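Subject: Structure handover and findings

Hello,

Here is the structure I promised to pass on.

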Amino acid sequence: MPLITSQKQLTLILTLDRKERKVLLGMKKRGFGVGKYNGFGGKVEKGETIEEGAKRELLEEAGIEALDMHQVAINLFTFENDPVGLQVHIYVVESFKGEPVETEEMKPEWFDYENIPFDQMWADDKQWFPFIIEHQQNFIGYFHFAQDQATILKQKIQMVDDKHVLTESDLKYVM
């Protein structure tokens, strides 16, 4: 594992329609990950819990309010020659208020599970998405990227019991 001197806590929300087998993704229009489809989320602001930050980001980026939200994973991302790790807390939302709308940052779009645009997403997404949308399993993941931010040099995914409350200390199992 590379030398990590600090970690940023981030959120990622996947809005699912399990009955219709669809996931709501957004095309990133600016900032980190521009031009890629992703779930909704981002930074946790000072004074917010991670869950509060996730709900706020979903509302800001897609215009919808989470009515149910549960954490399903924590992924740690590291990058070659970068001492800052990204600790991403992943949530699933299956019911929400409002209709998804395009914002300054994201353009929401529903995708069938069979047509998720993995070729327009982060390379790691194809590795862990199935655990959430198909298998409905909770996990902790670690992905170490090359400097190009496209090539995965190392990865590990560890399943956890769905009754287990995920915390950042769980990351030790994948490092």
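This is a predicted model: local features need pLDDT of at least 70, side-chain atom pairs count only at pLDDT 80 or more; totals for chains, interfaces and linings use all residues.

**Pocket**

Start with the largest pocket. Its space comes to about 730 Å³. The lining is made up of 32 residues. Nearest the centre lie Leu10, Phe32, Asn38, Gly42 and Leu86.

Which elements supply at least two residues of the lining? There are strand E1 (6–17), strand E4 (65–79) and strand E5 (82–97), along with helix H1 (50–62) and helix H2 (125–133). E5 gives the largest share, with five residues. Sorted by class, the lining has 14 nonpolar, ten charged and eight polar residues.

**Aromatic rings**

The structure has eleven aromatic pairs. Take Tyr37 and Phe111. Their ring centres are 5.0 Å apart and their planes stand at 80°, so this pair counts as edge-to-face. The cut-off for that label is over 60 degrees. Tyr37 belongs to strand E3 (residues 37–38) and Phe111 to strand E6 (residues 106–112), so the pair ties together parts that are 74 residues apart in sequence.

The cut-off for buried is under 20%.

There is also a ring cluster. Ring pairs link Phe32, Phe77, Phe79, Trp122, Phe143 and Phe145. Phe32 is one of the residues nearest the centre of the largest pocket. Trp122 has a charge over its ring too: the charged end of Lys36 sits there, 4.8 Å from the ring centre.

**Salt bridges**

Side chains of opposite charge can pair when their charged atoms come close. The count here is 13 salt bridges.

Look at Lys22 and Asp112 to begin with. Their side chains meet at 3.0 Å, N to O. Lys22 is partly exposed, with 27% relative accessibility. Asp112 is partly exposed too, at 28%.

Next comes Arg56. What does its side chain meet at 3.6 Å, N to O? The partner is Glu45, in a salt bridge. Arg56 is in helix H1 and Glu45 in the loop between E3 and H1, so the parts tied together are eleven residues apart in sequence. Helix H1 is also one of the elements that line the largest pocket. Arg56 is buried, at 15% relative accessible area. Glu45 is partly exposed, at 44%.

Arg56 has a salt bridge with Glu57 as well, where the closest N and O atoms are 3.2 Å apart. Glu57 is buried, with a relative accessible area of 8%. Through shared partners, salt bridges join Glu45, Glu48, Arg56, Glu57 and Glu60 into one network.

**Backbone**

Most residues other than glycine have a negative phi. Two residues here deserve a look on that score.

- Asn81 has a positive phi of about 60° and is not a glycine. This residue is in the loop between E4 and E5. Asn81 counts as exposed, at 64% relative accessibility.
- Gln149 has a positive phi near 60° and is likewise a residue other than glycine. Its place is the loop between strand E7 (138–145) and strand E8 (152–160). Gln149 is partly exposed, at 32%.

**One contact across the sequence**

Ile132 is buried, at 1% relative accessibility. How far apart are Ile132 and Val72 in sequence and in space? The two are 60 residues apart in sequence, and 7.4 Å apart in space, C-alpha to C-alpha.

Best wishes

Note on methods
Residues are numbered from 1 along each chain as its sequence is written. Side-chain values use heavy atoms; hydrogens and water are left out. On a 1 Å grid over the protein atoms alone, a cavity is a set of points where a 1.4 Å probe fits but cannot get out, and a pocket is an open set with protein on both sides within 12 Å along at least five of seven lines; lining residues have an atom within 4 Å of a point. Grid points are joined across faces, edges and corners, and a volume is the space filled by probe spheres set on the points. Helices (H or I, at least four residues) and strands (E, at least two) are DSSP runs, numbered from the N terminus. Ala, Val, Leu, Ile, Met, Phe, Trp, Tyr, Cys and Pro count as nonpolar, Asp, Glu, Lys and Arg as charged, and the others, Gly among them, as polar. Rings of Phe, Tyr and Trp (its six-membered ring) pair if their centres lie within 6.5 Å; planes under 30 degrees apart count as stacked, over 60 as edge-to-face and the rest as tilted. A charge sits over a ring if NZ of Lys or CZ of Arg is within 6 Å of the ring centre and within 35 degrees of the ring normal. A salt bridge is a side-chain nitrogen of Lys or Arg within 4 Å of a carboxyl oxygen of Asp or Glu. Buried means under 20% relative accessible area, exposed over 50%, partly exposed in between (1.4 Å probe, protein chains only).
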